[in-house]
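This report describes one structure for a reader who has not seen it before.

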Amino acid sequence: MLLTVAICTWNRADQLRITLESLTRMDIHAHVAWELVVVNNRCADHTDEVLAEYSDRLPLKRVFEAEPGLSCARNTATLNASGDYIIFTDDDISFASNWLMSYWNAFSVYPDVTFFGGPIVPKFLQPPPHWLLTAWRHVASVYGERL
């Protein structure tokens, strides 16, 4: 079984670097085959330089999509994926060390399931304002929190 991790990005090179670095620290068993497809969706920043930094540290397939928009980028990722399963994720994520193994195990146990998900805990680059912390239980879903 081959897994494809797909990331579509647009002008978020610094966040993407954090994401890619996080992927280098995952605990992945030797028998797990995976690839990483990153779609540069017409970035005007230093995304290509960031990808070049990780080309020898990750099973990275770099793809360019000139047509702007997440749907176009995801379609391009799908066309370039070799995996039996595709795991779409974002370009501003820090992964738990067992993230990919959890997907591998889930696909192994439930090969006919088409959608998996797990907890999402937002991480702010700077401390959030007090009003946000006070209202968090009412607005957490807007920030993507899923526990």
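## Loops, sheet and helices

Arg42 has a relative accessible area of 49%, so it counts as partly exposed (buried is under 20%, exposed over 50% and partly exposed in between, with a 1.4 Å probe and protein chains only). The model is predicted: local features need pLDDT of at least 70, side-chain atom pairs count only at pLDDT 80 or more, and totals for chains, interfaces and linings use all residues. Residues are numbered from 1 along each chain as its sequence is written, and side-chain values use heavy atoms, with hydrogens and water left out.

Arg42 is found in the loop between β2 and α2. Another loop residue, Asn11, lies between β1 and α1. Helices (H or I, at least four residues) and strands (E, at least two) are DSSP runs, numbered from the N terminus. Most residues other than glycine have a negative phi.

| Residue | Phi | Relative accessibility |
|---|---|---|
| Asn11 | about 55 degrees | 30% |
| Arg42 | near 65 degrees | 49% |

The sheet is open and has four parallel strands in the order β3-β2-β1-β4; two strands pair if DSSP finds at least two bridges between them. β3 (60-64) and β4 (85-89) are the edge strands, each with a single partner, so one side of each has no neighbour in the sheet. On average, neighbouring strands are turned by 25 degrees against each other, direction ignored. Strand β1 (residues 2-9) is joined to β4 by five bridges, and Ala6 stands opposite Phe88 in β4.

Helix α2 packs on the sheet and touches β1, β2 (33-40) and β3, where contact means heavy atoms within 4.5 Å. The direction of α2 makes about 160 degrees with that of β3. Axes are lines fitted to C-alpha atoms, for helices over the stretch in contact, and angles run from 0 to 180 degrees between N-to-C directions. Helix α4 (residues 99-109) lies across β1, β2 and β4, at about 145 degrees to β4.

Helix α1 (residues 13-24) packs with α2 (residues 47-54) at an angle of about 15 degrees, the axes being 9 Å apart. That makes the two helices roughly parallel (under 35 degrees; over 145 is roughly antiparallel, 65 to 115 roughly perpendicular and the rest oblique). Residues in this contact include Leu16 and Leu20 of α1 and Val50 and Leu51 of α2.
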